[in-house]
Amino acid sequence: MRLELHKAKVKALAFGGPTRLESGTLYVDKEAALNLLRQDSRFASLDLELASPGDSTRIIPVKDAIEPRVKLSDGKGYFPGYVAPMERVGSGSTFVLDGACVITCGPIVAFQEGFIDMSGPGAAYTPFSETYNVCLVARPVDGLDPHAYEAALREAGLKLAVYLAECCKDSKADELVVYEKGSVVEEAKKYPDLPKVLYVMMSITQGLLHDTYVYAADLKPSLPTLLHPNETLDGALVSGNCVSACDKNTTYHHLNNPVVRSLYARHGKDLNFLGMVPTIESTVLEGKLRTAMMNTALAVDLGADAVIVSEEGYGNPDTDLCLNAKYMESRGIVTVLISDEAAGTDGASQGLADATPELVSFISTGNGNEMIEVPAMKKVIGEAAAIAVLSGGAAESLRPDGSMYVELQSIIGSTCELGFSRIGCDWV
């Protein structure tokens, strides 16, 4: 399977029609984009705002982040089941607006979501302070069920991202990135002596707006499934999560999964990358046991010598994480876990909510409870007062001068458990 990513670099952002990429500037036809999205009757209001790196701008509350992409090889949009037909992805040519991002904003439910600062100390903790962000600010019609609102906002963000890429797809690419790998059987024949490595990606799938989608299907009732790594790099996975901001995997994170990219870079050199398994995090013990058992069965049947397991979220998913280590190691499979920690504001508490002696290799992506002070911004996209109900924030977090004192937990992607951040350490 061969995937070509044709990346056109976005270096500036402005409103102006028609929507196009010109000399590195992404021009957005605001009314054309909004008219496309206004067809959805679930929104009471929609607006677009722009945020660029270095701006004195705060975006709050943030729901998802999506990289604008569209297929070039077949002209059928992107994100199968949403803005493209239900077909397998991971091959052909894809156009990418590299450096651009669609940010969806709007209140979803209670303590969830987070914020992005485009400058200042908070900007260092989120990758989205370095992207040119087209922010979709949405409000639902009165009485709309939260699940329906989440679906509407998720679909609108995906549609906007594809629209931007579609309008710019004839632009010259600045970079061509190729991912090519055969089937498990084919690669085993090519590299019989290399250690075989499987990637298991735990995903929030706990209902209550805690959902991940694979080919537009809620992963929650699914069993662990082996994907070719190209599939996740080409739009098969979409975030539907309204969870703590620090470690939610946005759709952007899925498209640019650093674990997948890092294993790909070593494939055929010092390891044989078998593929990836998106797997669930159950809310009940039987579900956790079943999933860990089946993750391990896949690893054993594929002949994996080592497995990398990344978590999403914390708290009760820590039990899933530890069970994966327990089951895999008991079968002689070297297991490396990636997770953040909730170790208290002083860092002195136990980082994980569970433990097992088989957990011997651990990569920490940071402590979500660490406190940070962020200054006031000249512009706020959304509502600054939302910090009072965001995880990691409180009513007293927002000060009269507009500055905030919060946990890292409230910053989107600050302790991303895919390793898509600037903080962390290894336990070996």
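The protein chain carries eight helices and 24 strands, where helices are DSSP runs of H or I with at least four residues, strands are runs of E with at least two, and both are numbered from the N terminus. The model is a predicted one, in which local features need pLDDT of at least 70 and side-chain atom pairs count only at pLDDT 80 or more, while totals for chains, interfaces and linings use all residues. Residues are numbered from 1 along each chain as its sequence is written, and side-chain values use heavy atoms, with hydrogens and water left out.

## Overall form

For 428 residues a compact globule would have a radius of gyration near 22 Å, and the 21 Å of the protein chain agrees with this; the radius is taken over C-alpha atoms, and the globule rule is 2.2 Å times the number of residues to the power 0.38. The C-alpha trace spans about 55 × 50 × 35 Å along its principal axes. Of the 428 residues, 58% are buried, a term that stands for under 20% relative accessible area, with exposed meaning over 50% and partly exposed the range in between (1.4 Å probe, protein chains only). Among contacts between residues at least 6 apart in sequence, 80% join residues at least 24 apart, a contact being heavy atoms within 4.5 Å.

The accessible surface comes to about 15900 Å², and carbon and sulfur atoms hold 53% of it; such areas come from the Shrake-Rupley method with a 1.4 Å probe, and for residues only the protein chains shown count as cover. There are 36 positive and 56 negative side chains, the centres of the two sets lying 6 Å apart. Lys and Arg count as positive and Asp and Glu as negative, without His and the chain ends, and each charge is placed at NZ of Lys, CZ of Arg, CG of Asp or CD of Glu.

## Helix 6 and its surroundings

Helix 6 covers residues 258-266, and its buried residues include Pro258, Val259, Val260, Leu263 and Tyr264. Among the elements that cover these buried residues are strand 12 (175-180), strand 13 (196-204), helix 4 (229-232) and strand 17 (272-281). At the start of helix 6, a side-chain oxygen of Asn257 comes to within 2.9 Å of the backbone nitrogen of Val259, and just after the helix Gly268 takes a positive phi of about 80 degrees.

His254 belongs to helix 5 (residues 251-255) and is buried at a relative accessible area of 1%. Not counting residues up to four places away in sequence, His254 touches Met201, Thr212, Thr232, Leu233, Leu237, Val238, Ser239 and Asn249.

## Backbone exceptions

Most residues other than glycine have a negative phi, and most peptide bonds are trans. The table lists local departures from this pattern.

| Site | Backbone feature | Value |
|---|---|---|
| Gly17 and Pro18 | cis peptide bond | omega about -5 degrees |
| Ile60 to Pro61 | cis peptide bond | omega near -10 degrees |
| Phe79 | positive phi, not a glycine | phi about 60 degrees |
| Ala216 | positive phi, not a glycine | phi about 65 degrees |

Pro18 lies in the loop between strand 2 (12-15) and strand 3 (20-22), whereas Pro61 is found in strand 6 (residues 57-66). Phe79 sits in the loop between strand 7 (69-71) and strand 8 (92-98) and is buried, with a relative accessible area of 0%. Ala216, in the loop between strand 14 (212-214) and strand 15 (217-218), counts as partly exposed at 27% relative accessibility.

Asn295, in helix 7 (residues 285-301), is buried with a relative accessible area of 1%. Asn295 and Pro224 are 71 residues apart in sequence, and their C-alpha atoms are 6.3 Å apart in space. Pro224 is one of the residues that Asn295 touches beyond four places in sequence, the others being Val200, Val277, Thr279, Asn324 and Met328.

Leu21 lies in strand 3 and is buried, with a relative accessible area of 16%. Leaving aside neighbours within four places in sequence, the contacts of Leu21 include Ala8, Val10, Leu97, Cys168 and Ser171.

Ser361 is found in the loop between strand 19 and strand 20 (362-367) and counts as buried at 18% relative accessibility. Ser361 and Asn272 are 89 residues apart in sequence and 20 Å apart in space, C-alpha to C-alpha.

Terms used:
A polar contact is a pair of N or O atoms within 3.5 Å; within protein, one must be able to donate a hydrogen and the other to accept it, and residues adjacent in sequence count only if both atoms are side-chain atoms.
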